[in-house]
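User: I would like to learn how to read a structure like this one. Please take me through it feature by feature.

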Amino acid sequence: MRVRRLVSVLSVCMVSSLAIVATAQPKKKAPAKGAAPAKDTKATAPDPGSAAGSAAGSAAAPPPEDEAPKDMEGTTENPGARTLGEEEKPAVVVTAPVKKTGYPIEEAQRPINLLKNMSEVSIGPHAQLDPYRGADALRARYGITNKVQLGLTYVMAGIYDDPATMDDDSLGVHGGKALGLDLTVMLANWVGVRAGVPIYVKPFALSLALGAPMKFVINEKFAVGGLDDLFNIALNGKFAPSFYQEYNNALGAQREDTNTAQSDGQFRVSAFAIYQLQPKLAFIGRTGFFLEDFKTSKAANGGLFYFLRAGLNYTPRKYLDVGFSLGFDDLSELGAFAPAGFLAVRI
(Lines give C-alpha, C1' and ligand atoms only; values in the text may rest on other atoms or scores of the structure.)
Protein backbone atom coordinates (compact mmCIF):
# COMPACT_ATOMS: atom_id res chain seq x y z
CA MET A 1 0.00 0.00 0.00
CA ARG A 2 2.79 2.32 0.81
CA VAL A 3 4.50 1.62 -2.50
CA ARG A 4 1.32 2.40 -4.41
CA ARG A 5 0.82 5.68 -2.59
CA LEU A 6 4.45 6.67 -3.26
CA VAL A 7 4.11 5.80 -6.97
CA SER A 8 0.87 7.81 -7.16
CA VAL A 9 2.47 10.90 -5.52
CA LEU A 10 5.52 10.72 -7.83
CA SER A 11 3.25 10.41 -10.85
CA VAL A 12 1.25 13.51 -9.86
CA CYS A 13 4.47 15.57 -9.28
CA MET A 14 5.90 14.56 -12.67
CA VAL A 15 2.69 15.46 -14.49
CA SER A 16 2.55 18.84 -12.72
CA SER A 17 6.19 19.60 -13.57
CA LEU A 18 5.68 18.74 -17.22
CA ALA A 19 2.60 20.96 -17.35
CA ILE A 20 4.47 23.94 -15.82
CA VAL A 21 7.44 23.52 -18.20
CA ALA A 22 5.14 23.23 -21.21
CA THR A 23 3.29 26.39 -20.17
CA ALA A 24 6.60 28.39 -19.70
CA GLN A 25 7.86 27.64 -23.23
CA PRO A 26 7.12 30.61 -25.61
CA LYS A 27 4.88 29.85 -28.52
CA LYS A 28 6.31 30.50 -31.96
CA LYS A 29 4.41 33.06 -33.98
CA ALA A 30 3.45 32.18 -37.49
CA PRO A 31 5.39 34.25 -40.02
CA ALA A 32 3.52 37.03 -41.74
CA LYS A 33 2.44 36.56 -45.30
CA GLY A 34 5.15 37.54 -47.75
CA ALA A 35 7.82 37.75 -45.01
CA ALA A 36 10.98 35.73 -45.29
CA PRO A 37 11.31 32.91 -42.78
CA ALA A 38 13.53 33.86 -39.80
CA LYS A 39 16.86 32.18 -39.53
CA ASP A 40 17.52 29.98 -36.56
CA THR A 41 20.02 31.71 -34.24
CA LYS A 42 21.60 30.43 -31.09
CA ALA A 43 21.38 32.52 -27.92
CA THR A 44 24.66 33.64 -26.36
CA ALA A 45 25.47 31.60 -23.34
CA PRO A 46 25.29 33.61 -20.15
CA ASP A 47 28.28 34.17 -17.94
CA PRO A 48 28.36 31.20 -15.53
CA GLY A 49 29.45 33.51 -12.74
CA SER A 50 26.50 35.90 -13.16
CA ALA A 51 23.17 35.63 -11.43
CA ALA A 52 21.39 35.64 -14.80
CA GLY A 53 23.16 32.41 -15.83
CA SER A 54 21.71 30.51 -12.90
CA ALA A 55 18.12 31.40 -13.73
CA ALA A 56 16.08 28.83 -15.63
CA GLY A 57 15.15 29.61 -19.20
CA SER A 58 16.27 32.65 -21.23
CA ALA A 59 16.86 35.92 -19.21
CA ALA A 60 16.24 39.47 -20.51
CA ALA A 61 19.31 41.33 -21.96
CA PRO A 62 20.88 43.92 -19.55
CA PRO A 63 20.02 47.61 -20.23
CA PRO A 64 22.68 49.60 -22.16
CA GLU A 65 25.10 51.59 -19.98
CA ASP A 66 24.95 55.43 -19.98
CA GLU A 67 27.40 56.94 -22.42
CA ALA A 68 30.36 58.54 -20.61
CA PRO A 69 30.82 62.34 -21.04
CA LYS A 70 33.37 63.54 -23.57
CA ASP A 71 35.56 64.86 -20.75
CA MET A 72 35.68 63.39 -17.27
CA GLU A 73 35.40 66.79 -15.58
CA GLY A 74 32.14 67.56 -17.31
CA THR A 75 33.26 71.01 -18.42
CA THR A 76 31.82 70.46 -21.87
CA GLU A 77 28.31 70.23 -20.50
CA ASN A 78 28.95 73.08 -17.96
CA PRO A 79 31.75 75.36 -19.17
CA GLY A 80 31.57 77.48 -15.97
CA ALA A 81 32.13 74.51 -13.65
CA ARG A 82 35.46 74.23 -11.79
CA THR A 83 37.58 71.04 -12.07
CA LEU A 84 37.56 68.87 -8.97
CA GLY A 85 40.35 69.97 -6.65
CA GLU A 86 40.87 73.31 -8.43
CA GLU A 87 41.06 76.26 -6.01
CA GLU A 88 38.97 79.31 -6.80
CA LYS A 89 41.23 82.32 -7.40
CA PRO A 90 40.12 85.49 -5.61
CA ALA A 91 39.00 88.26 -7.94
CA VAL A 92 41.41 91.19 -8.15
CA VAL A 93 39.58 94.45 -7.49
CA VAL A 94 41.40 97.59 -8.66
CA THR A 95 40.21 100.64 -6.77
CA ALA A 96 40.66 104.09 -8.27
CA PRO A 97 42.81 106.48 -6.20
CA VAL A 98 40.77 108.80 -3.99
CA LYS A 99 41.13 112.37 -5.18
CA LYS A 100 41.12 114.85 -2.34
CA THR A 101 38.93 117.89 -2.68
CA GLY A 102 38.82 121.19 -0.84
CA TYR A 103 41.66 123.09 0.78
CA PRO A 104 44.25 120.59 2.09
CA ILE A 105 45.02 120.44 5.79
CA GLU A 106 48.62 119.45 4.90
CA GLU A 107 50.86 122.50 4.47
CA ALA A 108 52.96 120.73 1.83
CA GLN A 109 49.90 120.01 -0.35
CA ARG A 110 48.35 123.46 -0.28
CA PRO A 111 48.16 125.59 -3.42
CA ILE A 112 49.82 129.00 -3.55
CA ASN A 113 46.47 130.79 -3.70
CA LEU A 114 43.35 130.26 -1.67
CA LEU A 115 40.41 128.56 -3.35
CA LYS A 116 37.50 130.49 -4.81
CA ASN A 117 35.43 132.41 -2.20
CA MET A 118 37.81 131.38 0.61
CA SER A 119 39.30 134.01 2.90
CA GLU A 120 42.08 134.03 5.49
CA VAL A 121 43.18 136.47 8.18
CA SER A 122 46.62 136.11 9.80
CA ILE A 123 49.12 137.83 12.05
CA GLY A 124 52.88 137.25 12.31
CA PRO A 125 54.54 138.94 15.31
CA HIS A 126 58.34 138.86 15.34
CA ALA A 127 61.18 140.60 17.17
CA GLN A 128 64.88 141.16 16.60
CA LEU A 129 66.65 140.88 19.94
CA ASP A 130 69.64 143.30 19.80
CA PRO A 131 68.87 146.08 19.30
CA TYR A 132 65.28 145.17 20.07
CA ARG A 133 62.93 145.80 17.16
CA GLY A 134 59.52 144.16 17.10
CA ALA A 135 56.58 144.44 14.74
CA ASP A 136 53.32 142.79 13.79
CA ALA A 137 51.28 142.95 10.60
CA LEU A 138 47.70 141.98 9.87
CA ARG A 139 47.29 140.17 6.56
CA ALA A 140 44.09 139.20 4.75
CA ARG A 141 43.68 137.10 1.59
CA TYR A 142 40.61 136.37 -0.51
CA GLY A 143 40.26 133.93 -3.39
CA ILE A 144 38.40 135.66 -6.19
CA THR A 145 38.83 132.50 -8.26
CA ASN A 146 41.10 129.48 -7.87
CA LYS A 147 43.71 131.38 -9.92
CA VAL A 148 43.24 134.98 -8.76
CA GLN A 149 43.76 136.14 -5.17
CA LEU A 150 43.46 139.58 -3.59
CA GLY A 151 45.57 140.49 -0.56
CA LEU A 152 45.61 143.29 2.02
CA THR A 153 48.42 144.01 4.51
CA TYR A 154 48.48 146.49 7.38
CA VAL A 155 51.40 146.97 9.78
CA MET A 156 49.55 147.35 13.08
CA ALA A 157 52.38 148.42 15.38
CA GLY A 158 56.08 148.28 16.12
CA ILE A 159 58.25 148.30 19.23
CA TYR A 160 61.58 150.08 18.71
CA ASP A 161 63.79 152.99 19.68
CA ASP A 162 62.45 155.91 17.66
CA PRO A 163 65.24 157.10 15.32
CA ALA A 164 63.73 160.60 15.30
CA THR A 165 64.70 161.15 18.97
CA MET A 166 68.18 161.68 20.35
CA ASP A 167 67.43 159.59 23.44
CA ASP A 168 69.06 156.16 23.19
CA ASP A 169 66.58 154.71 25.68
CA SER A 170 63.31 155.63 24.04
CA LEU A 171 62.06 152.11 23.41
CA GLY A 172 58.31 152.19 22.99
CA VAL A 173 55.26 151.07 21.09
CA HIS A 174 54.51 152.96 17.89
CA GLY A 175 51.43 152.70 15.70
CA GLY A 176 51.88 151.35 12.21
CA LYS A 177 51.49 153.59 9.17
CA ALA A 178 52.13 151.16 6.30
CA LEU A 179 49.45 149.34 4.34
CA GLY A 180 48.86 148.09 0.81
CA LEU A 181 47.05 145.86 -1.66
CA ASP A 182 48.43 143.03 -3.77
CA LEU A 183 47.10 140.73 -6.49
CA THR A 184 48.35 137.21 -7.28
CA VAL A 185 47.50 135.56 -10.59
CA MET A 186 48.45 131.91 -11.15
CA LEU A 187 50.03 131.12 -14.52
CA ALA A 188 50.15 127.40 -13.67
CA ASN A 189 49.57 125.28 -10.59
CA TRP A 190 53.21 125.78 -9.54
CA VAL A 191 53.95 129.42 -10.47
CA GLY A 192 52.21 132.78 -10.40
CA VAL A 193 52.79 136.53 -10.66
CA ARG A 194 52.27 138.88 -7.72
CA ALA A 195 52.10 142.67 -7.79
CA GLY A 196 51.44 144.97 -4.86
CA VAL A 197 51.48 148.64 -3.89
CA PRO A 198 52.86 149.32 -0.37
CA ILE A 199 51.99 152.78 0.95
CA TYR A 200 53.33 154.74 3.94
CA VAL A 201 50.80 157.29 5.17
CA LYS A 202 52.92 160.11 6.65
CA PRO A 203 55.17 161.20 5.08
CA PHE A 204 53.59 159.73 1.98
CA ALA A 205 55.74 157.07 0.30
CA LEU A 206 54.83 154.63 -2.42
CA SER A 207 56.52 151.58 -3.92
CA LEU A 208 55.89 148.70 -6.31
CA ALA A 209 56.32 145.16 -4.97
CA LEU A 210 56.76 142.31 -7.45
CA GLY A 211 57.12 138.57 -6.95
CA ALA A 212 56.92 135.25 -8.78
CA PRO A 213 55.68 132.78 -6.13
CA MET A 214 56.59 129.18 -6.93
CA LYS A 215 55.80 125.89 -5.23
CA PHE A 216 56.73 122.39 -6.34
CA VAL A 217 54.96 119.51 -4.56
CA ILE A 218 57.51 116.69 -4.74
CA ASN A 219 55.37 114.09 -2.97
CA GLU A 220 52.94 113.80 -0.06
CA LYS A 221 55.67 114.72 2.42
CA PHE A 222 57.86 117.26 0.68
CA ALA A 223 57.49 120.57 -1.18
CA VAL A 224 59.86 123.38 -2.16
CA GLY A 225 59.38 126.90 -3.52
CA GLY A 226 60.30 130.54 -3.20
CA LEU A 227 60.59 133.92 -4.95
CA ASP A 228 57.49 135.25 -3.16
CA ASP A 229 58.76 138.83 -3.14
CA LEU A 230 61.52 139.69 -5.61
CA PHE A 231 61.42 143.49 -5.80
CA ASN A 232 60.24 146.42 -3.71
CA ILE A 233 60.96 149.54 -5.74
CA ALA A 234 60.45 153.12 -4.48
CA LEU A 235 58.25 155.08 -6.90
CA ASN A 236 57.99 158.67 -5.66
CA GLY A 237 61.67 159.35 -5.01
CA LYS A 238 61.40 158.59 -1.29
CA PHE A 239 61.72 155.19 0.41
CA ALA A 240 60.08 151.84 -0.25
CA PRO A 241 57.69 151.01 2.65
CA SER A 242 58.27 147.71 4.47
CA PHE A 243 55.61 145.29 5.70
CA TYR A 244 58.11 143.27 7.72
CA GLN A 245 59.75 145.80 10.05
CA GLU A 246 58.08 149.06 11.09
CA TYR A 247 61.43 150.39 12.31
CA ASN A 248 62.63 150.56 8.67
CA ASN A 249 59.63 152.76 7.84
CA ALA A 250 60.33 155.07 10.78
CA LEU A 251 63.98 155.30 9.67
CA GLY A 252 62.90 156.19 6.14
CA ALA A 253 60.56 158.91 7.48
CA GLN A 254 63.37 160.36 9.63
CA ARG A 255 65.74 160.48 6.63
CA GLU A 256 63.03 162.17 4.59
CA ASP A 257 62.77 164.91 7.22
CA THR A 258 66.55 165.42 7.27
CA ASN A 259 67.05 165.11 3.48
CA THR A 260 69.32 162.11 3.97
CA ALA A 261 69.98 159.71 1.10
CA GLN A 262 67.36 156.99 0.91
CA SER A 263 67.37 153.39 -0.27
CA ASP A 264 65.70 152.95 -3.63
CA GLY A 265 64.35 149.57 -2.62
CA GLN A 266 65.32 145.90 -2.26
CA PHE A 267 66.02 142.90 -4.43
CA ARG A 268 65.26 139.69 -2.56
CA VAL A 269 65.77 136.03 -3.43
CA SER A 270 64.31 133.46 -1.04
CA ALA A 271 63.60 129.74 -1.03
CA PHE A 272 61.69 127.47 1.33
CA ALA A 273 61.29 123.76 1.98
CA ILE A 274 58.37 122.01 3.72
CA TYR A 275 58.50 118.58 5.32
CA GLN A 276 55.09 117.18 6.29
CA LEU A 277 55.78 115.02 9.34
CA GLN A 278 52.09 114.41 10.00
CA PRO A 279 48.91 115.65 8.30
CA LYS A 280 48.59 118.38 10.94
CA LEU A 281 52.28 119.11 11.54
CA ALA A 282 54.84 120.47 9.09
CA PHE A 283 58.41 121.73 9.45
CA ILE A 284 59.33 124.77 7.34
CA GLY A 285 62.74 126.21 6.55
CA ARG A 286 63.49 129.38 4.60
CA THR A 287 66.74 130.99 3.50
CA GLY A 288 67.96 133.55 1.01
CA PHE A 289 69.50 136.99 0.63
CA PHE A 290 68.48 140.54 -0.23
CA LEU A 291 70.22 143.59 -1.62
CA GLU A 292 69.29 146.80 0.18
CA ASP A 293 69.37 149.76 -2.23
CA PHE A 294 70.27 147.15 -4.88
CA LYS A 295 73.90 147.21 -3.70
CA THR A 296 76.21 144.41 -2.59
CA SER A 297 78.58 146.64 -0.57
CA LYS A 298 77.33 147.55 2.88
CA ALA A 299 76.80 151.22 3.51
CA ALA A 300 74.57 153.47 5.61
CA ASN A 301 71.54 152.62 3.51
CA GLY A 302 72.51 149.52 1.56
CA GLY A 303 74.34 146.21 1.39
CA LEU A 304 74.06 142.45 1.00
CA PHE A 305 72.34 140.50 3.79
CA TYR A 306 71.69 136.77 4.25
CA PHE A 307 68.85 135.37 6.34
CA LEU A 308 67.86 131.95 7.66
CA ARG A 309 64.76 130.72 9.47
CA ALA A 310 63.32 127.36 10.58
CA GLY A 311 60.08 126.51 12.33
CA LEU A 312 56.89 124.51 12.36
CA ASN A 313 53.26 124.90 11.41
CA TYR A 314 50.52 123.07 13.32
CA THR A 315 46.92 122.80 12.07
CA PRO A 316 44.64 121.65 14.93
CA ARG A 317 41.56 122.42 12.80
CA LYS A 318 41.17 122.65 9.05
CA TYR A 319 40.50 126.39 9.37
CA LEU A 320 43.25 127.21 11.92
CA ASP A 321 47.07 127.38 11.70
CA VAL A 322 49.50 128.05 14.53
CA GLY A 323 53.21 128.46 13.81
CA PHE A 324 56.53 129.36 15.40
CA SER A 325 60.00 129.92 13.97
CA LEU A 326 63.53 130.94 14.94
CA GLY A 327 66.22 132.47 12.79
CA PHE A 328 68.46 135.36 11.85
CA ASP A 329 67.40 138.39 9.83
CA ASP A 330 71.11 138.99 9.16
CA LEU A 331 73.51 136.07 9.51
CA SER A 332 76.46 138.45 9.96
CA GLU A 333 75.00 139.88 13.20
CA LEU A 334 74.45 137.76 16.28
CA GLY A 335 71.95 140.29 17.60
CA ALA A 336 69.80 139.81 14.50
CA PHE A 337 68.43 136.59 16.02
CA ALA A 338 64.64 136.93 15.79
CA PRO A 339 61.90 134.56 17.05
CA ALA A 340 58.53 134.82 15.33
CA GLY A 341 54.99 133.51 15.67
CA PHE A 342 52.13 132.89 13.27
CA LEU A 343 48.36 132.58 13.58
CA ALA A 344 45.90 132.20 10.68
CA VAL A 345 42.14 131.67 10.53
CA ARG A 346 40.31 130.69 7.33
CA ILE A 347 36.65 131.14 6.53
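Analyst: The chain has two helices and 16 strands. Helices (H or I, at least four residues) and strands (E, at least two) are DSSP runs, numbered from the N terminus. This is a predicted model, where local features need pLDDT of at least 70 and side-chain atom pairs count only at pLDDT 80 or more, while totals for chains, interfaces and linings use all residues. Residues are numbered from 1 along each chain as its sequence is written, and side-chain values use heavy atoms, with hydrogens and water left out.

User: What share of the chain is made up of buried residues?

Analyst: Buried means under 20% relative accessible area, exposed over 50%, and partly exposed in between, with a 1.4 Å probe and protein chains only. Of the 347 residues in the chain, 30% are buried.

User: Which residues make up the largest nonpolar core?

Analyst: A nonpolar core is a set of buried Ala, Val, Leu, Ile, Met, Phe, Trp, Tyr and Cys residues joined through side-chain atoms within 4.5 Å. Here the largest has seven residues: Ala 137, Val 155, Ala 178, Tyr 200, Ala 205, Phe 239 and Ala 253. Another core, of five residues, lies apart from it and includes Ala 223, Phe 272, Ile 274 and Ala 282.

User: Is His 126 buried or exposed?

Analyst: His 126 has a relative accessible area of 9%, so it counts as buried. His 126 belongs to strand E2, residues 126–128. Contact means heavy atoms within 4.5 Å. Beyond four places in sequence, the contacts of His 126 include Arg 133, Tyr 244 and Pro 339.
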